[in-house]
Amino acid sequence: MAMLQLEKELEKLTKSARLSEAVDDVDKIIDLLTEARQRVAESANDPHTTILTLTKLQNPIREGLEAVNDDLKSVHKGQNKFGKALQQAFTNDKVIKGTLPTEHDPMAAHPDLINRAIAMHLLREGQFGVASTFISEATPQEESSMAQFQSQLSPATLASPTSPRSPTPTDVPIVDADPSSELSALHSEALQASFASMYSILSSLKSHDLLPAITWARANCAELEARGSNLEFELCKLQFIWLFKGPEVNGLPDTPANGRSGALQYARDNFGRFQQRHLREIQQLSCAMVYSSNLGASPYRAIFDITLAFDEVAASFTREFCSLLGLSAESPLYVAATAGSIALPQLMKFLNKVKGKGTEWTTDQELAFETPLPKSMVYHSIFVCPVSKEQTTDANPPMMLPCGHVLARESLQRLCKNNKCKCPYCPSEGRLQEAREIVL
Amino acid sequence: MGDRVYAKLDHENHLLLDQPLLRLPFELLRKNFRSAHFEVERDGSFVKNTLKDTATSAMNGKASPDDVLKSLDSMLARMKGVKRKLSGFADEEARLYRHEQARVRHLAELYDMHSTEDVKYEHWSRTRLDRLLVDYLLRSGYGTSARMLAEERGIGDLVDVETFETMGRISQCLRNGSVAEALAWCTAGDIKKELRKMDSNLEFELRYQQYIELVRPYTKTKLAEAIKHAQKYLHPYRTSHPKEVRQACGLLAVPPQRAASYPDYRALYSPSRWEMLAELFTTTHNTLLALPSIPLLHMALSSGLSALKTPACHSSHPASLAAAPSHATSLSLASSVCPICSTELNELARAVPYAHHTQSHVEHDLLLLPNDRAYGKARLEEYSRKAGLPEAQVKDLRTGQVYPVEQLKKVFIT
């Protein structure tokens with residue numbers, strides 16, 4: 001609750017300690033001086049009045065200056081108090097002690113890669129203006145003409161807007177890509193165009209216009225199907241329901257192409273291609289026609305409840321669209337920065353413990369401490385060998401014994417005697433050759 | 001299991017990265033106050049003394065009414081000057097209060113959220129990313145982008161564009177070979193005192209550079225100037241920087257064209273000193289304002305990349321390569337492509353270690369296909385259903401191979 005406390009302290013500070021009060025008191029001094037000057041000027045040749053005025057002026061001026069000083073003092077006091085509260089907010093018992101880890105900065109060596117990540121982040125967030133400013137600011141001047149040249153040559157690192165490529169492994173350029181040319185390759189605006197079209201489709205979806213999305217899904221149906229995605233059918237189905245609801249819900253003109261007749265026509269034109277895969281759902285939709293007068297009481301009311309449907313298809317559209325570009329749906333930079341803040345306390349705790357021992361804060365490959373992340377941030381299967389407690393890697397893959405239990409290969413080899421292994425978890429015994437390397 | 005604990009927000013520790021956010025306006029407030037105090041002190045005592053002197057001289061008959069008027073005018077001018085400056089400081093103060101308030105409020109919003117799964121948290125965390133990005137852009141000298149981003153996201157009060165722009169301008173001047181701006185910064189008002197307190201050698205190095213530039217042309221007049229400069233500005237440092245001051249004297253004997261054979265003097269004439277000065281200035285500036293020495297984004301990323309990274313993210317395993325990179329698991333059935341495997345961060349993450357886990361995180365009810373790939377039962381069934389396969393068959397999510405159900409084997413993860 002430290003911040004709430006701080007909020008109150010700040011409230012007090014901003015109310016009581018203001019330099020503007022000192023300005024008012026300075027104003028009073030100016031008034032005194034102006035008045036005195038006038039009096040002296042009026043009584044031009046009367047030294048007595050001059051002396052009297054000057055003598056009389058001494059005390060008010062002194063008091064005036066003291067008032068100004070008091071104002072400053074109270075500002076100073078207030079700020080000191082707030083400073084203490086600020087200190088307190090970040091050093092109370094609940095907060096991990098220590099300073100931010102600034103000594104070890106593995107990121108410092110890769111400004112180009114960071115810039116590229118930021119540029120892509122801005123593009124995928126739809127901030128095209130900022131992105132293009134950033135790209136031109138971050139591309140060294142003398143290279144920019146080169147960069148343009150390169151971008152024309154480089155086989156579009158990212159797919160062209162019209163036909164996002166399928167995510168096959170060979171064309172994901174992650175290993176040999178030269179980062180600086182990557183940043184300039186973004187100049188080619190292929191990525192920007194892709195995301196621009198994504199945002200225009202999304203904004204149509206938001207206004208309940210499904211047609212652009214359906215067009216996109218149809219153009220990419222082969223890739224989508226390979227991914228096991230039903231997006232195209234889901235969109236068509238929603239379009240059917242949307243038309244079915246009629247003009248008073250969907251606000252479209254009341255023509256034969258709308259309402260029940262429109263929905264039926266739409267189904268005739270479009271559902272044929274889905275018959276094989278989605279026959280059951282199509283049957284349901286057509287049967288629902290019968291209940292059109294009292295749909296709410298029919299067994300089909302769940303299908304026709306579309307309060308969340310548009311948000312859902314928008315989310316799954318975004319995911320599919322990004323996946324076909326070989327990108328994740330959430331901005332990786334966002335996920336990484338969020339995960340970073342969640343994991344930072346652990347890192348600092350660890351640093352505090354090893355401080356002074358001269359230990360390097362990481363081993364070469366693996367962090368020395370656990371950083372618990374929410375489940376939504378676990379993307380890969382992680383297998384920790386129950387015997388060695390090590391994560392399996394390329395060099396030490398998971399192996400399944402004939403009984404179905406899984407161990408890391410190194411553990412298995414250590415357990416083996418004369419080519420025979422007894423499973424550590426059940427009574428069965430097998431030979432080393434029978435163990436299978438598996439991919440989780 | 002235990003996921004609710006992981007998703008729970010540890011409010012106090014979640015803001016570790018945000019301390020500088022509140023510290024900077026506060027440091028600026030203090031600086032602003034000290035400058036205001038300095039002005040009031042100086043001109044206040046001037047007015048007090050002048051008034052006293054004028055009154056005495058008037059009484060002794062030494063001052064004519066005209067003199068009295070003149071000195072009254074000078075006092076008025078001073079006070080008006082104070083008022084003008086104070087108003088400036090008051091405006092700055094109001095701006096800083098506004099920033100600090102907006103920031104505390106922004107951080108306090110976190111207390112309304114209790115889990116990282118909260119929709120509000122996502123919004124908050126996005127704002128935080130924007131802040132980190134602006135901080136990074138400003139520190140890297142991409143001011144225009146930083147300004148645009150801050151404006152588009154409406155986070156002007158949460159970032160410090162002006163502070164960094166001033167800093168960037170001064171360090172750019174240093175890189176272009178001009179000391180004047182940096183010198184003006186470090187001798188202005190009370191900064192000199194603060195620098196002395198933190199034992200900074202910035203001013204010395206700047207003066208030293210001026211000296212070197214006077215010696216460089218190696219003409220009679222310039223050398224004489226250099227000696228004068230050294231007497232005035234370098235001599236006071238003879239106890240704290242004895243070696244440098246001695247070298248400065250020695251430099252007089254070594255014109256630039258002969259310096260090549262003396263590494264120490266060559267280094268003094270070297271243009272790389274400008275880069276060093278620019279960096280020294282940046283560090284000094286950041287320390288003075290309690291700013292971390294590296295961009296916050298770097299900290300967040302190195303911590304976050306490690307936490308997310310798994311051995312599979314840079315796997316070159318033949319089995320996973322043959323089929324697809326690990327992120328091809330990102331079927332619509334899976335949640336999403338792993339951010340570390342995604343193009344944006346993959347190379348960057350190479351530099352960091354992967355996360356440590358003590359427990360396996362695998363799908364429930366794993367089934368092994370004849371091609372040695374294991375998938376969760378639920379996912380396998382759903383995918384096969386969506387692919388329109390008969391019930392007795394399943395399809396590999398990555399390779400697309402179809403197998404009869406009876407060939408599957410159960411996998412036990414302990």
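1. **Ground rules.** The model is predicted: local features need pLDDT of at least 70, side-chain atom pairs count only at pLDDT 80 or more, and totals for chains, interfaces and linings use all residues. Residues are numbered from 1 along each chain as its sequence is written, chains are lettered from A and ligands numbered from 1 in the order written, and side-chain values use heavy atoms, without hydrogens and water.

2. **Helices α9(A) and α11(A).** Helix α9 spans residues 211-219 of chain A, and helix α11 spans residues 231-244 of chain A. (Helices are DSSP runs of H or I, at least four residues, numbered from the N terminus.) They pack at an angle of about 150°, with axes 9 Å apart. Axes are lines fitted to C-alpha atoms over the stretch in contact, and angles run from 0 to 180 degrees between N-to-C directions. The pair is therefore roughly antiparallel (over 145 degrees; under 35 is roughly parallel).

3. **Who touches whom there.** Contact means heavy atoms within 4.5 Å. From α9(A) come A:L211, A:A213, A:I214, A:W216, A:A217 and A:R218; from α11(A) come A:L231, A:E232, A:L235, A:C236 and A:Q239. By class, eight are nonpolar, one is polar and two are charged. Here Ala, Val, Leu, Ile, Met, Phe, Trp, Tyr, Cys and Pro count as nonpolar, Asp, Glu, Lys and Arg as charged, and the others, Gly among them, as polar.

4. **Helices α11(A) and α14(A).** Helix α14 covers residues 275-288 of chain A. Its angle to α11(A) is about 0°, with the axes 12 Å apart. The two are therefore roughly parallel. A:F233, A:E234, A:K237, A:F240, A:I241 and A:F244 of α11(A) meet A:H278, A:E281, A:I282, A:L285 and A:A288 of α14(A). This contact has seven nonpolar, one polar and three charged residues.

5. **The cores.** A nonpolar core is a set of buried Ala, Val, Leu, Ile, Met, Phe, Trp, Tyr and Cys residues joined through side-chain atoms within 4.5 Å. Buried means under 20% relative accessible area (1.4 Å probe, protein chains only). The largest core has 201 residues, and A:M3 and A:F240 touch the most other members. Helix α4 of chain B (residues 65-108) gives the most to this core, with 16 residues. A second, separate core has 18 residues, including B:Y211 and B:V254.

6. **A:F240.** Beyond its neighbours within four places in sequence, A:F240 contacts residues including A:A263, A:Y266, A:F271, A:M289 and A:F304.

7. **B:R139.** This arginine lies in helix α5 of chain B (residues 119-139). B:R139 is buried, at 17% relative accessible area. Leaving aside neighbours within four places in sequence, its contacts include B:F164, B:N286 and B:P292.

Key:
Angles under 35 degrees count as roughly parallel, over 145 as roughly antiparallel, 65 to 115 as roughly perpendicular and the rest as oblique. Buried means under 20% relative accessible area, exposed over 50%, partly exposed in between (1.4 Å probe, protein chains only).
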